[in-house]
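I'm opening my notebook on a new structure today. I'll jot down what I looked up, one topic at a time.

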Amino acid sequence: MAGKKIKVQIKLSLKAGEATPAPPLGPTLAQHQVPIMDFVKEYNERTAEQKGNIIPVVLTVYEDRTFSFITKLPPVSAMIKKILGLEKGSGATPKETAGTLSKAQVQEIAQSKLPDLNTTDLEAAVKTVEGTARSMGVKIQE
């Protein structure tokens, strides 16, 4: 896509394999004149094997109304909720505990999320995951 002039970059979080042109996606794409159904079809094809996850996507729209996009890994909070089988985190952190993660689970999340984080250091990634867990009311086993 070298040489094309970028009009805008849009960051979205959509259900994998289940994107629809309904709001909020449709109006967001329409205001930038992106062919909505083309994006929905391509996104759903690319994320079909990850159904059930929320997948962040960075959509680049060019001046000629074409687009390209990259998908990222699910957010750390979504990975924690999936491992623990939670609907949501604790609403009263730190009074209520939503669950407990083992050190191995924290390590596993950090390892898989490392390509999307702004670090290449696994220890820093572990600290990021632990911080997210704490803010959700999830304890880390010592």
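Here are my entries, from the overall layout down to single residues.

**Entry 1: the layout**

First off, a reminder to myself that this is a predicted model. I counted up the elements and got 5 helices and 5 strands. Going from the N terminus, I read their order as β-α-α-β-β-α-β-α-α-β. For overall dimensions, I noted that the C-alpha trace spans about 55 × 30 × 25 Å along its principal axes. The chain has 142 residues, and 35% of them are buried. I also looked at contacts with a separation of 6 or more: 62% of those are between residues 24 or more positions apart.

Which elements give two or more residues to the largest nonpolar core? Before that, I checked who sits in it. The core has 17 residues, and the ones touching the most other members are Leu14, Leu25, Phe39, Tyr43, Val57, Leu59 and Phe69. E2 supplies the largest share, with 4 residues.

Leaving out residues up to four places away in sequence, Leu25 touches Leu12, Leu14, Ala19, Thr20, Phe39 and Val40. There is also a second, separate core of 16 residues, and Val106, Ala110, Ala125 and Ile140 are among them.

**Entry 2: a glutamate on the inside**

Is Glu130 buried or exposed? I found Glu130 in helix H5, which covers residues 122-135. Its relative accessible area is 12%, and the cut-off is under 20%, so Glu130 counts as buried. Skipping residues up to four places away in sequence, I listed Lys103, Val106 and Ile140 as what Glu130 touches. Val106 and Ile140 are also on my list for the second core.

**Entry 3: rings**

I searched the whole structure for aromatic pairs and got 5. One of them is Phe39 with Phe69, an edge-to-face pair at 5.1 Å centre to centre with 70 degrees between the planes. Phe39 is in helix H2 and Phe69 is in strand E3, so I wrote down that this pair links distant parts of the chain, 30 residues apart.

Why is the pair of Phe67 and Phe69 stacked? Their ring centres are 6.4 Å apart and their planes are at 20 degrees, so the pair gets that label. Phe67 is buried too, at 14% relative accessibility. Put together, Phe39, Tyr43, Phe67 and Phe69 form one aromatic cluster.

Next I looked for charges over rings. Arg46 lies over the face of Phe69, at 3.8 Å from the ring centre. Lys4 has its charged end over the ring of Tyr62, 5.5 Å from the centre.

**Entry 4: the largest pocket**

The largest pocket holds about 220 Å³ of space. I checked its lining and found residues including Lys15, Ala16, Glu18, Gly52, Asn53 and Ile54. Helix H3 (residues 76-84) gives the largest share of that lining, 3 residues.

**Entry 5: Thr71**

Thr71 is in strand E3 and is partly exposed, at 32% relative accessibility. Apart from residues up to four places away in sequence, Thr71 touches Tyr43, Thr47, Ile55, Pro56 and Val57. I also checked Thr71 against Ala16: the two are 55 residues apart along the chain, with their C-alpha atoms separated by 9.9 Å.

Where is the cis peptide bond? It joins Pro23 and Pro24, with omega about 5 degrees. Pro24 lies in the loop between E1 and H1.

I then noted two residues other than glycine with a positive phi. Gln33 has phi near 55 degrees; it is in the loop between H1 and H2 and is partly exposed at 41%. Arg65 has phi near 70 degrees; it is in the loop between E2 and E3 and is partly exposed at 47%.

Definitions and conventions. Residues are numbered from 1 along each chain as its sequence is written. This is a predicted model: local features need pLDDT of at least 70, side-chain atom pairs count only at pLDDT 80 or more; totals for chains, interfaces and linings use all residues. Side-chain values use heavy atoms; hydrogens and water are left out. A nonpolar core is a set of buried Ala, Val, Leu, Ile, Met, Phe, Trp, Tyr and Cys residues joined through side-chain atoms within 4.5 Å. Buried means under 20% relative accessible area, exposed over 50%, partly exposed in between (1.4 Å probe, protein chains only). Contact means heavy atoms within 4.5 Å. Rings of Phe, Tyr and Trp (its six-membered ring) pair if their centres lie within 6.5 Å; planes under 30 degrees apart count as stacked, over 60 as edge-to-face and the rest as tilted. A charge sits over a ring if NZ of Lys or CZ of Arg is within 6 Å of the ring centre and within 35 degrees of the ring normal. On a 1 Å grid over the protein atoms alone, a cavity is a set of points where a 1.4 Å probe fits but cannot get out, and a pocket is an open set with protein on both sides within 12 Å along at least five of seven lines; lining residues have an atom within 4 Å of a point. Grid points are joined across faces, edges and corners, and a volume is the space filled by probe spheres set on the points.
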